Structures are given as structure tokens and as C-alpha cells.
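Okay, thanks for making the time, everyone. Let me put the model up and walk you through it.

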Amino acid sequence: MDLSGNGKVVALGWVESTDPNARVHFKPLGHNAVKVWIMTVKEPAVELWRQTSELQYMEDALSSIIAWLATHVVME
């Protein structure tokens, strides 16, 4: 979901890990975060929570792994 708290779904994907020691782009995931493989982007212009030089917006994350706040991930 969008980090602004409006409840808008910004992407669909698979949860790869919730382990705080898992690495995403060479950095530890940390607490209260989820490692997510992005399969479908719904809102391409949404900024990523943790940006890199290559991944800044959700559209950049398609078919990539990103870190996202656990409180903003809905698992079904």
C-alpha cells in the first residue's frame, strides 16, 4: 500500500522474507520491513521507501526486489 496511509494498492508481488537480517540491495532489511518481489505495478509514480541509484519509483521496481514497510503490506 501507499506509504502516505491512504490505503491505495501500489503494487502486487511476493513476500520473499521478513527476516531483519535479509539483505535488499546490499543493506539489511531491518525490523518492521518486508523483502518483496514486485510482479505488477499499479501506481508507477509512487516513490520507493528505500531508493537506490537505479530504483527510485515503483515503475523501476517491476520484476525486482525491494524493501517495503511491513505495516503497508497486505498478505493474502
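Before going on, the ground rules. This is a predicted model, so local features need pLDDT of at least 70 and side-chain atom pairs count only at pLDDT 80 or more, while totals for chains, interfaces and linings use all residues. Residues are numbered from 1 along each chain as its sequence is written, and side-chain values use heavy atoms, with hydrogens and water left out.

Back to the sheet. Strands here are DSSP runs of E with at least two residues, numbered from the N terminus; helices would be H or I runs of at least four residues. Two strands pair if DSSP finds at least two bridges between them. What we have is an open sheet of 3 strands in the order S1-S4-S5, and the pairing is antiparallel. S1, residues 11-17, and S5 are the edge strands, each pairing on one side only. Neighbouring strands are turned by 50° against each other on average, direction ignored. For that angle, axes are lines fitted to C-alpha atoms (for helices, over the stretch in contact), and angles run from 0 to 180 degrees between N-to-C directions.

Bridge by bridge: S1 and S4 run antiparallel and are joined by 6 bridges. S4 and S5 are also antiparallel, over 5 bridges, and there Ala 33 stands opposite Leu 69 in S5.

Now the packing. How many residues are in the largest nonpolar core? There are 12, and among them are Val 10, Val 34, Val 36, Ile 38, Leu 55, Met 58, Ile 66 and Trp 68. By nonpolar core I mean a set of buried Ala, Val, Leu, Ile, Met, Phe, Trp, Tyr and Cys residues joined through side-chain atoms within 4.5 Å. Buried is under 20% relative accessible area, exposed is over 50%, and partly exposed is in between, with a 1.4 Å probe and protein chains only. S4 and S5, the latter being residues 65-69, are the elements that give two or more residues to this core, and the largest share, 3 residues, comes from S4. There's also a second, separate core of 5 residues, including Ala 22, Leu 29, Ala 33 and Ala 67. As general background, nonpolar side chains tend to be buried together in soluble globular proteins.

A contact, by the way, is heavy atoms within 4.5 Å.

Next, the charged residues. Lys 35 sits in S4, which spans residues 33-41. Lys 35 is buried yet has no salt bridge, and the nearest side chain of opposite charge, Glu 16, is 6.0 Å away. A salt bridge needs a side-chain nitrogen of Lys or Arg within 4 Å of a carboxyl oxygen of Asp or Glu. For charge, Lys and Arg count as positive and Asp and Glu as negative, with His and the chain ends not counted. Leaving aside neighbours within four places in sequence, the contacts of Lys 35 include Trp 14, Glu 16, Arg 23, Leu 29 and Ile 65.

Asp 2, in the segment before S1, is another buried residue with no salt bridge; the nearest opposite charge there is Lys 8, at 6.0 Å. Beyond the neighbours within four places, Asp 2 is in contact with Lys 8, Val 10, Val 46 and His 72.

Last stop, the loops. His 25 lies between strand S2 (23-24) and strand S3 (27-28), and has a positive phi near 55° without being a glycine. Phe 26, in the loop between S2 and S3, has a positive phi of about 75° and isn't a glycine either. Buried or exposed, for Phe 26? Exposed, because its relative accessibility is 80%. His 25 counts as partly exposed, because its relative accessible area is 37%.

Over in the loop between S4 and S5 there's Leu 62, partly exposed at 43%. Leu 62 touches Ile 38, Met 39, Thr 40 and Val 41, again skipping residues up to four places away.
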